[in-house]
Amino acid sequence: MSLVSVKDAPGKGRGVFAQRNLKKDEVIETCPVIVLPPEEVDTLELTQLYNYYFAWGADSREAAIALGYGSLYNHSYAPNAKYQKDFNNNLLKYVCIKDIRKNEEITINYNCDPEDKTPVWFDISSQN
């Protein structure tokens, strides 16, 4: 049984949801990423992938598209999960920062640090 599934997240489009109860510190998913060089980032920003990529590399000049469900986790300033970048292996790891109930949406803070309240690039009026 998969730990997660993708379903409609009202007001947000698609989201990732727990298929069973998950415990704090449990790894939800480890996703390989496709890394794009800095000279391709401007072009990426002209596509639908703009809202799905991660700043990548030590200087954040590259872009990464997460495979698996990695690019579908929604943002929250009160997330129940976090992501960790592994530049050496081109992976993103998603980990519970609190217990998550079955059928609960799994959210991350797009600023990487779960406590970071820096404004994101889109309107979050319908999100938490």
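Q: How many disulfides are there, and what makes a pair count as one?
A: The count comes to zero disulfides. The rule asks for a pair of cysteine sulfur atoms within 2.5 Å. This is a predicted model, where local features need pLDDT of at least 70 and side-chain atom pairs count only at pLDDT 80 or more, while totals for chains, interfaces and linings use all residues. Residues are numbered from 1 along each chain as its sequence is written, and side-chain values use heavy atoms, with hydrogens and water left out.

Q: Why is Cys31 called buried?
A: Buried means under 20% relative accessible area, exposed over 50%, partly exposed in between (1.4 Å probe, protein chains only). Cys31 has 0%, so it is buried. Cys96 has 1%, so Cys96 is buried too. Of the 128 residues of the protein chain, 40% count as buried.

Q: What makes up the secondary structure of the protein chain?
A: There are one helix and nine strands. Both are DSSP runs numbered from the N terminus: helices are H or I with at least four residues, strands E with at least two. Along the sequence the pattern is β-β-β-α-β-β-β-β-β-β.

Q: How do you know that S7 and S8 pair?
A: Pairing requires that DSSP finds at least two bridges between two strands. Six bridges join S7 to strand S8 (residues 91-96), so by this definition they pair. The two run antiparallel. Lys82 stands opposite Val95 in S8.

Q: What makes S4 and S7 the edge strands?
A: Five strands form an open sheet, in the order S4-S5-S3-S8-S7, with antiparallel pairing. Strand S4 (53-56) and strand S7 (81-86) each pair on one side only.

Q: What makes a set of residues a nonpolar core?
A: The members are buried Ala, Val, Leu, Ile, Met, Phe, Trp, Tyr and Cys residues joined through side-chain atoms within 4.5 Å. The largest such core has 22 residues. Leu22, Ile28, Tyr73, Leu92, Tyr94 and Ile106 have the most contacts inside it. A second, separate core has six residues, including Leu36 and Tyr53.

Q: Which residues are in contact with Ile106, leaving aside its neighbours within four places in sequence?
A: Contact means heavy atoms within 4.5 Å. Among the partners of Ile106 are Val4, Phe17, Leu22, Tyr73 and Ile100.

Q: Where is Ser76, and why is it called buried?
A: Ser76 is in the loop between strand S6 (74-75) and S7. Ser76 has 0% relative accessibility, so it counts as buried. A polar atom of the Ser76 side chain lies 2.9 Å from the backbone nitrogen of Ala78.

Notes:
Polar contact = N/O pair within 3.5 Å; in protein donor to acceptor, adjacent residues only side chain to side chain.
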